[in-house]
Amino acid sequence: MTEGPKTGATATGRAAVTTRYAGIAWTGSGYRVDVVDGTGRRVVEPSGWGGAQVAELIAWLRDLDGGPTPAVVLESTNGLLDGPMTAAGLEVYRADPWLLPSRPRFGSVPAERLTEQARTAPGALARVTAEGGSLTGRAEEYFEGVRRGEPILAELTATGRCFGHGSRDVPRVALTFDDGPDPVYTRQVLDILDRYGARATFFCVGHHVAALPDEVRRIAAAGHELGNHSWSHPFLFDLTPDELREQIDRTAEAVDALTGEAPVWFRPPYGALSPEVLAGLEKHPVALTMWDVDARDWSRPGPERIAATVLEGAGPGSVVLMHEGAGDRGQTVQALPSIVEGLLERGLELVTVSELAAGAAADDHDQRLKG
C-alpha cells in the first residue's frame with residue numbers, strides 16, 4: 001500500500017508532519033508551483049521557476065513563510081525533480097495519471113490540480129524514495145512492460161535501430177551521461193574527460209537544454225556527442241504516442257538550434273520500452289541507445305562502489321550508463337577519474353556511442369566477408 005502525506009496523528013500519537021502541499025507542474029520553459037495548506041488556502045501566490053533554478057526552488061520551499069516545509073507533489077511525466085528533492089530531504093509524492101485529468105500534449109497537469117489531489121485524497125499518492133526514484137511503487141509494472149518488449153527490442157537491434165553494446169573484439173568503450181546538462185556537475189565531468197583526452201556521449205533532457213544553453217554548447221565544443229533523453233524525463237508508459245514523439249522532437253529541435261546538429265540517438269528514460277512504447281516509435285526516425293553496464297550512481301552508493309561497478313562490468317564494446325544531471329551527482333564526479341584511469345590502463349579507448357556503433361558495424365562487415 002502506498003503511503004500518502006501525513007495529515008493527522010500517527011499510530012504512535014505524534015503530531016502531523018505535513019500540513020502543506022506544493023504541487024509542481026512542468027511547462028516548456030520551467031516549473032509552475034502552487035502551495036496550499038490542509039484547508040486548501042493558498043500559502044503564497046502561484047510562482048514560476050526556470051529549469052535552472054531547482055536549487056533555489058528547494059531552498060525557497062524549505063524557508064517558505066517560516067512554517068513547515070510542504071510535501072512536494074509531482075506527476076509521472078516529471079522525472080527531473082524527485083532526485084534533487086529527495087536528496088535534499090524533502091517529502092516527495094507522485095500523483096499517477098488515473099488520479100488526474102488529461103494532460104496537454106506538452107506539459108503536465110496544472111500545479112493547482114496536483115495540490116487539490118494531495119489535499120483531498122493524500123492516501124492515493126505514492127511516496128517517492130531516493131532508492132525507487134520516480135517509479136517507486138510501479139516497479140512490477142515497469143519490469144513486466146520491459147519483459148514484454150524484449151522480443152521487439154531484439155528485432156530492432158538486429159536491424160540496427162537499437163544499439164546496446166559494440167563489438168567485443170574492439171577495445172573501445174562508450175561512457176554515457178544522462179539527465180543533464182547541469183549547472184554544476186556537467187562542467188566538472190567535462191574537465192575530467194578533457195584531462196584524459198576521453199570522449200563521451202551526453203543524453204540531455206530538453207528541459208535542461210532550454211535552461212542551460214551554454215552548457216550544451218560547451219559539451220559540443222569539447223568534441224563530445226549529444227544524445228536525446230526526452231524533454232521532461234517521463235515514465236514513457238504513461239504517454240500517448242503523440243506525447244512521446246513531441247518529447248523527442250522538441251528536444252531534438254532544441255539541441256539542433258544550439259549546435260547545428262540534431263541528436264542521432266534517443267535513450268528512453270529508465271530504459272522503459274514496452275511494446276506500446278515501441279509501437280509509438282515504429283515510424284519515428286530515431287535510433288535507440290541502451291547500455292550493458294549500469295553504474296547505479298543514481299542510488300548514490302559511494303564513489304568507490306560506483307567505480308568498482310563500472311570497472312567490474314565494463315569490457316570491449318561496453319556502453320556505460322552514468323548521470324550528471326537531475327540530482328546530486330557529486331559521487332559520480334568523484335568516481336570518474338578512477339573509472340577513466342582503470343579503463344585506459346586496460347587499453348580501452350573511450351569514444352562516443354556513434355564511434356562505438358560505427359566500429360561494431362565495420363567489425364560485423366569484416367566478419368561477414370571472412371565467412
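Buried means under 20% relative accessible area, exposed over 50%, and partly exposed in between, with a 1.4 Å probe and protein chains only. By that scale Trp60, at 23% relative accessibility, is partly exposed.

This is a predicted model, where local features need pLDDT of at least 70, side-chain atom pairs count only at pLDDT 80 or more, and totals for chains, interfaces and linings use all residues. Residues are numbered from 1 along each chain as its sequence is written, and side-chain values use heavy atoms, without hydrogens and water.

Rings of Phe, Tyr and Trp (its six-membered ring) pair if their centres lie within 6.5 Å; planes under 30 degrees apart are stacked, over 60 edge-to-face, the rest tilted. The count under this rule is nine aromatic pairs. Two of them are tabulated here.

| Pair | Type | Centre to centre | Angle between planes |
|---|---|---|---|
| Trp26 and Phe106 | edge-to-face | 5.2 Å | 90 degrees |
| Trp49 and Trp60 | tilted | 5.3 Å | 50 degrees |

Helices (H or I, at least four residues) and strands (E, at least two) are DSSP runs, numbered from the N terminus. Trp26 lies in strand β1 (residues 20–26), and Phe106 in the loop between β5 (92–95) and α3 (111–120), 80 residues apart. Trp26 is buried at 3%. Phe106 is buried at 16%.

Trp49 sits in strand β3 (residues 47–50) and Trp60 in helix α1 (residues 54–63), eleven residues apart. Trp49 is buried at 14% relative accessible area.

Elsewhere, ring pairs join Tyr142, Phe143, Phe235, Phe237 and Tyr270 into a cluster.
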